[in-house]
Structure formats: C-alpha cells, structure tokens
Amino acid sequence: RAIPGDVLTDEHDHINTGGTAITVTTNGNVATSTDQSKFYGSSIRFDGTGDALTFTLTGGTGSGNFTIEYWAYHDSLNDYITHFQNTRSATGFNVGTDASGDIVWADSTSGSIARRIEVVGAITAGKWNHWAWVRNGTTLTAYLDGIAKATYTTSTDYSDTSFCIGGLGANAENLTGYLQDIRFYKATAKY
C-alpha cells in the first residue's frame, strides 16, 4: 500500500493495494507540489488548515505486525501535528510531532489518550526526515532516518477502520508541510 509523492496526479483518488483500490478522500486543498521533494520531483502539500487524506481499511491495522513509513518536511512546528491517524480511540492511534519536534506515538489503550512513545526534540522544521513505525510481535519501534529511537510494548488490536493522513481527522492537528512516499504494510514488520 503506497502513496507516492505525486499521488494526487497519478493515483488520483485511490491507494494501490496490489489488486484492490482503496478510495481516498481529499479534504481541504491537499495538492501535489513541486516546491519541496525528497525524491521524484514532487510531494503532497498540506497547508495546515483542514487538509487531509482520509480512507477506510477493512480490519484496520489489526493485532499483528505492521509498518507505516513516510518522508515528512515541516514548514513549521506547533502543538500538535498529526501525520497518520487511525481514529483516536481504544482501537486506534495517531503519530506525529509537536512544537518541540518530538516524535510521538499516542493511543488510548489504557482508557485515555497518552503518548506511548515520545522522543523529545528529534526533528526540526525545514528538513526532510524519514519516519517509520514498525510493530514486530508486541514491540512497536519508532525509527527516524533509519535509526531506532524508542520502543513500546503493545498487543493492542488497532481494529478501527478509519484512517487520516495529514491531520487528526480533517480539521484538527493539521500538518503545515509536505509528505512523500507514504507506505503502509499490514502484516509486515519491514525493519
């Protein structure tokens, strides 16, 4: 499951899942941009005001292995910025950063939303970083630019089926910046 940097022009409104298309809804004025790019000459631009890509995935992320990875470039950092979200509930999670440049994985498996992984001051605005979140067995590892930064032990069944890229839903915690080469591997611990 991959969303290349030029998803909106090449894939239009679908994520290629190797035979099955998942419909993606664009919210706000998400757009392909050539202003910033790590690879391929373009990326997905989010302007920080209601921009997001939303989709549903049968079974959600599940209770097994998975990998979520992408490149992110922030124009600025503020509280809070969600990159990838699977409904903030007992069966979901969200990942992103904040004004301090922390790497954050949050979920509410204990009944209230909390940061389960937090690496303080890991990123700065104005620079591309590769983010990867990998669950292998019950160990969830946060990687930044290929380096394991923190782990969290969880066997949670992230079964919620609603996903959002670029914000917490379409109208909160929106990214001001760019995402590129977004990939989601269900049942695969890539790193």
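Reader: In the hairpin of β14 and β15, which residue takes a positive phi?

Author: Asp145 does, with phi near 50°, and the hairpin has two residues between its strands. Bear in mind that this is a predicted model.

Reader: What makes β14 and β15 a pair of strands?

Author: Pairing needs at least two bridges, and β14 and β15 (residues 147–153) have six, in the antiparallel sense. One of the bridge partners is Tyr152 in β15, which goes with Leu140.

Reader: And what about β13 and β14, how many bridges do they have?

Author: Six again: β13 (residues 128–136) and β14 run antiparallel to each other. Here Leu140 of β14 has Arg135 opposite. The hairpin of β13 and β14 also has two residues between the strands, and Gly137 is the one with a positive phi, near 70°.

Reader: Why do you call β14 mostly covered?

Author: Buried means under 20% relative accessible area, and five of the six residues in β14 (residues 139–144) are buried.

Reader: Which residues other than glycine have a positive phi elsewhere?

Author: Glu173 is one, with phi near 50°, and Asp181 is another, at about 55°. They get a mention because most residues other than glycine have a negative phi. Glu173 is in the loop between β16 (162–165) and β17 (176–186), whereas Asp181 sits in strand β17 itself.

Reader: How do you know whether Asp181 is buried or exposed?

Author: Its relative accessibility is 12%, and the cut-off for buried is under 20%, so Asp181 counts as buried.

Reader: What makes Glu173 and Thr82 a polar contact?

Author: The limit is 3.5 Å between N or O atoms, and the side chains of Glu173 and Thr82 are joined at 2.6 Å. Leaving aside residues up to four places away in sequence, Glu173 also touches others, including Tyr80, Ile81, Arg88 and Asn94.

Reader: Which strands make up the open sheet, and in what order?

Author: Seven strands, ordered β4-β7-β16-β9-β10-β11-β12, with antiparallel pairing.

Reader: Why are β4 and β12 said to stand at the edges?

Author: β4 (25–27) and β12 (114–119) each have a single partner strand, so one side of each has no neighbour in the sheet. From one strand to the next, the twist averages 20°. Within this sheet, β10 (residues 93–97) and β11 (residues 103–107) share four antiparallel bridges, and Gly96 has Val104 of β11 as its bridge partner.

Reader: Now the rings: how many aromatic pairs are there?

Author: The structure holds 19.

Reader: Why is the pair of Tyr73 and Trp128 called tilted?

Author: Their centres are 5.5 Å apart, with 50° between the planes. Stacked needs under 30 degrees and edge-to-face over 60, which leaves this pair as tilted. Tyr73 lies in strand β8 and Trp128 in strand β13, so the pair ties together parts 55 residues apart in sequence. Tyr73 and Trp128 are buried.

Reader: And what makes Trp105 and Tyr158 edge-to-face?

Author: The planes stand at 70°, over the cut-off of 60, and the centres are 5.8 Å apart, so the pair is edge-to-face. Trp105 is in strand β11 and Tyr158 in the loop between β15 and β16, so this pair links parts 53 residues apart in sequence. Trp105 and Tyr158 are both buried. They also belong to a cluster linked by ring pairs, whose members include Phe66, Tyr70, Trp131 and Trp133.

Reader: Which residues touch the most other members of the largest nonpolar core?

Author: Tyr70, Trp105 and Trp133, in a core of 34 residues. Strand β8 (residues 66–74) supplies the largest share of this core, with four residues.

Reader: What does Trp133 touch?

Author: Not counting residues up to four places away in sequence, its contacts include Phe66, Ile68, Tyr70, Val95, Val104, Trp105, Ile117 and Leu140.

Key:
Residues numbered from 1 in each chain as written. Predicted model: local features only at pLDDT ≥ 70, side-chain atom pairs only at ≥ 80, totals over all residues. Heavy atoms only, no water. Core = buried A, V, L, I, M, F, W, Y, C linked by side-chain atoms within 4.5 Å. Buried < 20%, exposed > 50% of the residue type's maximum accessible area, 1.4 Å probe, protein only. Contact = heavy atoms within 4.5 Å. Polar contact = N/O pair within 3.5 Å; in protein donor to acceptor, adjacent residues only side chain to side chain. Axes fitted to C-alpha atoms, helices over the stretch in contact; angles between N-to-C directions. Phe/Tyr/Trp six-rings, centres within 6.5 Å; stacked < 30°, edge-to-face > 60°.
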